[in-house]
Amino acid sequence: MPSSNSSDLSPSFILASIPGLEAAQSWMTIPLCSAYILAVAGNCVVLLVVRMEPSLHAPMYFFLCMLAAIDLALATATVPRILSFYWFGTREISFGACLLQMFLIHTLSAIESTVLLAMAVDRYVAICHPLRHAAILTNAATAKIGLLAMARGVLFFLPLPLLLLPLPFCGSRVLSHSFCLHQDVMNLACANTTPSVVYGLTAILLVMGLDAVLICLSYILILKAVLRLTAWRERLKVFSTCIAHICVVLAFYVPLIGLSVVHRFGKDLAPLVHIIMGNIYILVPAVLNPIIYGVRTKQIQRRILSLI
């Protein structure tokens, strides 16, 4: 462990462990490793099914493939490092590796938020303007949206590690999670972090916050269109096409909000709460997304059964 009274520009950080349970941490890897395997297998199956089934070559399923790829990347950027810590006791992570992991987590989360917004717009156009859906959301437009989501995530969150790069770190270097997050690393700096605080909050509000507002707005418009239908059976049939996306949105935003609340107001909470919330934020969307769409989408169900 680095000296507690040292201060340098390239420190190493110590990943969080659960006080009093260090000896049992190898057993805790069983549910974590199982969830990771399930996430990798489920998202790879979604990618394979959409790739092999020509009838699924449509914008909604391309967006689903983007989600699967993002979830794979996000889980792979964090879980193997956590498992190596629990299995081999490698708690120390270098400054550069920590900044890279932090950048990947925040950037991939921003890309996923943008893709969820694009899926909400896709549902709005399909329900409220069905005759124009094929002309508006073409495969080329879907690819451009994917590139725009990547560019947006990188441009908004690349400054986060750059703002932390020149800061000195002294005193405790123990993180509150088993991976690196911006606010967690920033709180360990022994210098003025106001620019980093202001930019980090601004980036989150302009990306995740704005996306959440626009997703809610799109569903308000969808709900108005559904209520104009006279028959209840038609209303349920139309709105049922949105159930899977609503569940995926909740699986992404609920852990994100929970983790933010724990960071802002949970300084007195037990370390176990921080670690569990962090793991939920990383793994719950990756595990649930392929299950939700696998259950709700008959075309994916049929193709999976044919593969089996």
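A pocket is an open set of points, on a 1 Å grid over the protein atoms alone, with protein on both sides within 12 Å along at least five of seven lines, and a cavity is a set of points where a 1.4 Å probe fits but cannot get out; lining residues have an atom within 4 Å of a point. The views below come from a predicted model, in which local features need pLDDT of at least 70 and side-chain atom pairs count only at pLDDT 80 or more, while totals for chains, interfaces and linings use all residues. Residues are numbered from 1 along each chain as its sequence is written, and side-chain values use heavy atoms, with hydrogens and water left out.

**View 1. The largest pocket and its lining.** The largest pocket has a volume of about 580 Å³; a volume is the space filled by probe spheres set on the grid points, which are joined across faces, edges and corners. Its lining consists of 25 residues, and those nearest the centre are Leu-201, Ile-204, Leu-256, Ser-260 and Arg-264. Helix H7 (182-186), H8 and helix H10 (243-265) each supply at least two lining residues. Helices (H or I, at least four residues) are DSSP runs, as are strands (E, at least two), and both are numbered from the N terminus. H8 gives the largest share of this lining, nine residues. The lining divides by class into 15 nonpolar, nine polar and one charged residues. Ala, Val, Leu, Ile, Met, Phe, Trp, Tyr, Cys and Pro count as nonpolar, Asp, Glu, Lys and Arg as charged, and the others, Gly among them, as polar.

**View 2. The second largest pocket.** About 370 Å³ of space lies in the second largest pocket. Of the 15 residues that line it, Met-60, Ser-240, Thr-241, Arg-296 and Thr-297 lie nearest its centre. Two or more lining residues come from each of H2, helix H3 (95-128), H10, H11 and helix H12 (298-307). Six of the lining residues are nonpolar, five polar and four charged.

View 3. Rolling a probe the size of a water molecule over the atoms shows where empty space is left. The structure holds one cavity of 30 Å³ or more. The volume of the largest cavity is about 30 Å³, and its lining is made up of Asp-71, Leu-74, Glu-112, Phe-252, Tyr-281 and Pro-285.

View 4. Leu-67 is found in helix H2. With a relative accessible area of 1%, Leu-67 is buried; buried means under 20%, exposed over 50% and partly exposed in between, for a 1.4 Å probe and protein chains only. Leaving aside residues up to four places away in sequence, Leu-67 touches Glu-112, Val-115, Leu-116, Met-119, Val-248 and Asn-289, where contact means heavy atoms within 4.5 Å. Leu-67 and Pro-285 are 218 residues apart along the chain, and their C-alpha atoms are separated by 9.4 Å.

**View 5. Helix H5 against helix H8.** Helix H5 (residues 139-157) and helix H8 (residues 194-227) pack at an angle of about 160°, with their axes 10 Å apart. H5 is therefore roughly antiparallel to H8. Axes are lines fitted to C-alpha atoms, for helices over the stretch in contact, and angles run from 0 to 180 degrees between N-to-C directions. Angles under 35 degrees count as roughly parallel, over 145 as roughly antiparallel, 65 to 115 as roughly perpendicular and the rest as oblique. On the H5 side, the contact is made by Arg-152, Leu-155, Phe-156 and Phe-157, and on the H8 side by Tyr-199, Ala-203, Ile-204, Leu-206, Val-207, Met-208, Leu-210 and Asp-211. Ten of the contact residues are nonpolar, none polar and two charged.

**View 6. Thr-142 in helix H5.** Thr-142 lies in helix H5 and counts as buried, at 1% relative accessibility. Residues up to four places away in sequence not counted, Thr-142 touches Pro-59, Phe-62, Phe-63 and Met-66.

**View 7. Helices H11 and H12.** The angle between H11 and H12 is about 95°, and their axes are 5 Å apart. The two helices, H11 and H12, are therefore roughly perpendicular to each other. Tyr-293, Gly-294, Val-295 and Arg-296 of H11 meet Lys-298, Ile-300 and Gln-301 of H12 in this contact. By class, the contact has three nonpolar, two polar and two charged residues.
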